[in-house]
Amino acid sequence: MDSLRADHDLGFLLRFENIAWYTDGAVRILDRRVYPMETRFVTCRTHGEVAQAIADMVTQSAGPYYAAAHGMTLAAYECRGSRDPLSYMERAAYVLSHARPTTAGRMEAITGAALTQARLALESGRDPVEALQAYGAELMETRYRNIDKCAQALARLLPGDATVMTQCFAETVVGLLLRDAAAMGKQVRLICPETRPFLQGARLTASVAAQQGCQATVICDNMPGMVMSCQKVDLFTSAADVICMDGTVVNKVGTFQIALCASHFGVPYYVTGSPDRGKPSASAVTIEYRDGASVLEHQGVKVTLPGVQGLYPAFDVTPPGLVTGYVTDRGVYTAASLPHYFAPGETGDFPSA
């Protein structure tokens, strides 16, 4: 393994301790709702508070996966001295994994692995808190290195001077793509739709690009079609909260309309992540609807009259016919070849984004 940590040379948002981190009986999570206007951390002293932070969008994209892992460490800390710590942690695993419904299956993979580590530690007389603290740190290191394979594959698809449109905040793969492209001698300019109502594209994706020395241009969410028509966009990319086995992509709402624009203008759309064997099609995915009041304001300022209704589906569904390819840690697949991602008998894990 490299002597450098896998998060080396990445933007502030992508450093391990600045996502979610357990230490001394608490989990500290960077509040992405206010970054970069403020650099504020939410300190959680119970696993329930971690779950609430996930539900409240304190962290998002891949952040909840790491928060859940460290939340399990906190649960182990909470039940130290208990006669039945595993029962307590099993309940904690459910609370953490079901904080948001759309990704519950993949969150269960993380909390389930944490339970296994806790069980092994207890059986061997080791401290489960220390074991899970090591698990949380290793999870981040291992996933970053796996995701780097995906980022390198995506970087190889880019021309030497590339304009890339993104959607929302694709977490680790954004920073790694920019780092890998630079190592290949390629220049990347990002066009980032703002991603209302939480503005992850404007506040998070663009911030990482700026911190890593890349040009980032923010556009409103209703501008992708116009921008693709008048500027040369080489590639559209997003991560995915779920990639179904039939190639359907479930991702931050707005992905579908940009994919439609990309198809119309002949811009390839490459989604990054890994398929979810437990989700054969979109019918197996629960689309989360959040509080519609969020779309009736902008950065805390009300923009509508009393009585106006708001609707906020957090995700949308992009059919496989609009996806050029699925860039994974094992190579680039089409919708037809996506099932070959898994070896015979292998089960799905959690997303590589």
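The predicted protein chain contains 9 helices and 17 strands. Along its principal axes, the C-alpha trace spans about 65 × 55 × 40 Å. A handy check on the overall packing is the radius of gyration: a compact globule of 353 residues would have a value near 20 Å, and the protein chain has 20 Å, so the two agree.

The next step is to look at how the residues are placed. Of the 353 residues in the protein chain, 55% are buried, where buried means under 20% relative accessible area. Contacts tell a related story about the chain. Among those with a separation of 6 or more, 74% are made by residues 24 or more positions apart.

The structure holds 2 cavities of 30 Å³ or more. The largest cavity has a volume of about 320 Å³, and 26 residues line it. Readers who wish to find this cavity in the structure can look for Gln-60, Ser-61, Ala-62, Asp-241 and Phe-315, the lining residues that lie nearest its centre. Helix H2, covering residues 63-78, supplies at least two residues of this lining, and so does strand E9, covering residues 249-252. Sorted by class, the lining of the largest cavity has 15 nonpolar, 7 polar and 4 charged residues.

The second largest cavity has a volume of about 60 Å³. Its lining consists of Leu-154, Thr-166, Ala-170, Val-173, Val-174, Leu-177, Leu-190, Thr-237 and Ser-238. Two elements, helix H6 (172-183) and strand E7 (235-238), each contribute at least two residues to the lining of this second largest cavity. Helix H6 gives the most, with 3 residues. By class, the lining of the second largest cavity is made up of 6 nonpolar and 3 polar residues, with no charged residues.

Methods. Residues are numbered from 1 along each chain as its sequence is written. This is a predicted model: local features need pLDDT of at least 70, side-chain atom pairs count only at pLDDT 80 or more; totals for chains, interfaces and linings use all residues. Side-chain values use heavy atoms; hydrogens and water are left out. On a 1 Å grid over the protein atoms alone, a cavity is a set of points where a 1.4 Å probe fits but cannot get out, and a pocket is an open set with protein on both sides within 12 Å along at least five of seven lines; lining residues have an atom within 4 Å of a point. Grid points are joined across faces, edges and corners, and a volume is the space filled by probe spheres set on the points. Helices (H or I, at least four residues) and strands (E, at least two) are DSSP runs, numbered from the N terminus. Ala, Val, Leu, Ile, Met, Phe, Trp, Tyr, Cys and Pro count as nonpolar, Asp, Glu, Lys and Arg as charged, and the others, Gly among them, as polar. The radius of gyration is taken over C-alpha atoms; the globule rule is 2.2 Å times the number of residues to the power 0.38. Buried means under 20% relative accessible area, exposed over 50%, partly exposed in between (1.4 Å probe, protein chains only). Contact means heavy atoms within 4.5 Å.
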